[in-house]
Amino acid sequence: MGGLYKELPEGLDEVDVIIAGGGTAGCVVASRLSDAYPTLSILIVEGGRDNRGLPNVTYPILLLSNILPGNTDTLFYEGIPEKAVGNRSLVVPSGGVLGGGSSINLLTYSRAQAVDYDQWGVEGWFSKDLVPYLQRLETYKGEGTPETHGYSGPMLVTPGNYTAKASEEAFIKAAAKLGYPEARDIQDLETINATQRNIRYVSGSKRQDAASNYLHPRLGDGFHPNLYVLTQHQVIRVLFDGNKASGVEFRPNPKFNNGVERPVQRVSAKKLVVLSSGALGTPLVLERSGVGDPEILGKAGVDVVAEVPGVGAEYQDHQLMTYAYYSSLLPNETFDAIYSGRTNVDELIKKDDPIIGWTANDVCSKLRPSDEEAKALGSAFESAWNRDYKTNPTKPLAMITSLNGFPGDSTGQLEVQYFSCSTFTPYPYSRGHLHITSKDLDASLDFATGFFADEDDIDIKKSVWSYKKQREIIRRMDIYRGEFAPLHPAFAADSDAATPSEPLDGPLPDDVPDIVYTAEDDAVLEQWLRAHVGTTWHSLGTCKMAPKSEGGVVDSSLSVYGVEKLKIADLSVPPGNVGANTANTAYMIGEKAADIFIEELKG
Ligand SMILES: Cc1cc2nc3c(=O)[nH]c(=O)nc-3n(C[C@H](O)[C@H](O)[C@H](O)COP(=O)(O)OP(=O)(O)OC[C@H]3O[C@@H](n4cnc5c(N)ncnc54)[C@H](O)[C@@H]3O)c2cc1C
């Protein structure tokens with residue numbers, strides 16, 4: 001009988017469909033397939049634990065705890081040292097629990113621009129084809145353009161019950177002073193150069209995620225008797241009969257067995273194997289299975305099943321910086337008291353205090369420079385701007401958002417209320433890579449993010465512009481009380497850009513002029529960016545949907561090249577990036593993939 005298991009049910013050695021990874025897209029695919037064919041036996045094999053009842057998953061206020069090192073429900077993919085980021089080895093966290101990224105993420109509802117999907121250039125995946133899936137996945141409770149939103153889907157998106165009004169208003173007013181007005185809906189697939197009060201995957205005080213909203217309601221409801229979910233088991237590789245995917249090999253995750261290794265197990269798949277282990281997990285499963293670049297497979301000691309050199313070859317992520325400021329906010333307007341332990345969060349949960357449903361991230365924006373500002377970033381940047389942005393007026397250069405609190409461990413810092421600003425830059429020009437070095441699941445990876453490694457330094461210029469723009473916005477907020485200097489570049493003390501060493505007594509005057517940065521300041525800023533840039537947790541494109549001759553790994557029906565009965569459904573497949581946080585695109589891919597598979601499984 002279907003249901004949720006921690007051990008493989010006795011006798012379940014063959015099913016129709018296996019889904020490797022029960023993350024954002026994986027939960028959607030399994031649920032929709034099971035709706036369409038209740039007799040079809042479907043098995044999700046998920047490396048993490050069940051997400052139900054975990055406070056860090058359930059209550060939005062605890063979301064930042066999910067990226068702290070050692071968190072049980074997060075996978076930490078460790079990179080190699082990268083010259084372009086000061087020889088640092090970056091670590092990229094990713095969902096490692098049922099529901100994947102949707103169960104641990106920051107819950108911002110953010111949708112791609114229509115032009116992003118159009119520029120993927122893949123038959124069946126243009127924005128006009130995808131809007132119905134964007135609608136199908138959501139019940140939208142915000143304002144805006146009804147034509148592109150959905151009103152009866154599983155994912156409830158709402159403004160939430162709790163926001164810090166003082167900072168929300170101040171941010172919106174400050175951005176408007178700089179020419180970026182408030183819009184009712186910047187998630188309408190078109191609008192940019194505007195701010196918006198955040199809409200979130202939150203209902204009341206609870207997270208909305210793919211496992212809770214798609215999968216759990218179906219398990220045990222009597223209508224999905226053949227839907228099986230096996231948690232705490234890691235897929236090692238896909239098994240092949242010739243070049244036909246015939247099942248998977250997996251092992252109990254030692255993380256949940258006190259580190260003890262237990263024997264590997266196998267289940268056969270009669271009809272289909274779907275890889276849904278995320279942009280960081282799927283290429284590794286493929287390579288361990290013998291699908292990839294023969295040279296990489298050879299070095300790792302894996303026999304080649306299919307030569308597909310694009311696997312893991314073009315890693316992309318958005319590049320994040322978070323800057324901290326002193327503020328005049330009250331203790332209940334930041335998360336500082338909660339994360340520093342000054343407030344007991346268990347008590348807040350017990351009395352269902354509305355703050356537990358808060359994401360502490362109240363305003364988002366999609367912004368881009370004027371032509372003059374683009375020109376000021378140098379001739380290489382201007383050429384890229386003229387080529388890629390000027391002709392695409394709905395593409396943002398940066399997403400600048402508020403974060404009400406200190407971005408990290410505030411132990412030892414002044415006991416005041418901090419306010420932070422996060423900026424990330426979509427459409428990276430740089431590419432990284434992600435490969436196995438051995439068939440052993442626990443072996444170190446050959447993983448580089450590629451951050452700031454593009455030849456013409458376009459990516460770093462985007463972050464230079466973002467730093468200056470966010471700082472001008474925050475300086476104009478009436479809650480601003482100065483930069484928290486250790487989380488800003490160390491500009492020379494006599495520079496106009498220098499940061500104050502102490503919190504200010506009051507806000508800056510209304511007519512404060514823009515900071516003038518010298519060439520030396522710009523050099524300091526660039527060096528700072530290289531030393532501090534990090535992941536936005538928006539990994540994608542590691543098995544892209546494109547012709548094989550262009551580095552593609554799957555075709556437009558998500559079939560892996562060179563083999564049969566093997567599909568991919570997750571953020572590995574986007575062939576181009578999106579001007580948005582990425583969860584919505586993952587949900588959409590799950591919905592679209594399900595329809596493709598439902599059609600193919602007919603008869
Ligand atoms: C900390 C964080 C914050 C984020 N904030 C936001 C946000 O606010 N808004 C937004 O839109 N997006 C956000 N994102 C991004 C978004 O959540 C992800 O892009 C999206 O969830 C990815 O979906 P996916 O289906 O491709 O993969 P995932 O959801 O990551 O699913 C992959 C699943 O596969 C499992 N897995 C991996 N390897 C194996 C294996 N070998 N065997 C079995 N199972 C395996 C994992 O445990 C996971 O459950 C955030 C992501 C993170 C990590």
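Trainee: Which of the 38 residues around the ligand come nearest?
Mentor: Thr24, Glu46, Gly101, Val235 and Thr582 come nearest. Keep in mind that this is a predicted model.

Trainee: What does Glu46 put 2.7 Å from an oxygen atom of the ligand?
Mentor: A polar side-chain atom of Glu46 lies at that distance from a ligand oxygen. Gly101 has a backbone N or O atom 2.8 Å from an oxygen atom of the ligand. For Leu107, a polar backbone atom is 3.1 Å from a ligand oxygen.

Trainee: How much of the ligand's accessible area does the protein cover?
Mentor: On its own the ligand has 1,000 Å² of accessible area, and the protein covers 95% of that.

Trainee: Which elements each supply at least two residues of the shell?
Mentor: The helices are α1 (24–36), α3 (101–104), α8 (278–288) and α16 (583–600). The strands are β5 (88–95) and β12 (233–241).

Trainee: And how many residues of the shell are nonpolar, polar or charged?
Mentor: The shell has 14 nonpolar residues, 21 polar ones and three charged ones.

Trainee: New topic. Where is His149 found?
Mentor: His149 sits in the loop between β6 (138–140) and β7 (155–157).

Trainee: Is His149 buried or exposed?
Mentor: His149 counts as buried because its relative accessible area is 2%, and the cut-off for buried is under 20%.

Trainee: Which side chain does the His149 side chain make a polar contact with?
Mentor: That of Asp185, at 2.8 Å. Leaving out residues up to four places away in sequence, His149 touches Tyr109, Arg111, Gln135, Glu138, Tyr140, Asp185 and Gln187.

Trainee: Something on the backbone, then. What is the phi of Asn87?
Mentor: Asn87 has a positive phi of about 60°, although it is not a glycine. Asn87 lies in the loop between β4 (74–82) and β5.

Trainee: Buried or exposed, Asn87?
Mentor: Asn87 is exposed, with a relative accessible area of 54%.

Trainee: And what is the phi of Lys565?
Mentor: Lys565 is not a glycine either, and its phi is positive, about 65°. The loop that holds Lys565 runs between β24 (534–535) and β25 (566–568). Lys565 is partly exposed, with a relative accessible area of 39%.

Terms used:
Residues are numbered from 1 along each chain as its sequence is written. This is a predicted model: local features need pLDDT of at least 70, side-chain atom pairs count only at pLDDT 80 or more; totals for chains, interfaces and linings use all residues. Side-chain values use heavy atoms; hydrogens and water are left out. A residue is near a molecule or strand if one of its heavy atoms lies within 4 Å of it. A polar contact is a pair of N or O atoms within 3.5 Å; within protein, one must be able to donate a hydrogen and the other to accept it, and residues adjacent in sequence count only if both atoms are side-chain atoms. Accessible areas come from the Shrake-Rupley method with a 1.4 Å probe; for residues, only the protein chains shown count as cover. Helices (H or I, at least four residues) and strands (E, at least two) are DSSP runs, numbered from the N terminus. Ala, Val, Leu, Ile, Met, Phe, Trp, Tyr, Cys and Pro count as nonpolar, Asp, Glu, Lys and Arg as charged, and the others, Gly among them, as polar. Buried means under 20% relative accessible area, exposed over 50%, partly exposed in between (1.4 Å probe, protein chains only). Contact means heavy atoms within 4.5 Å.
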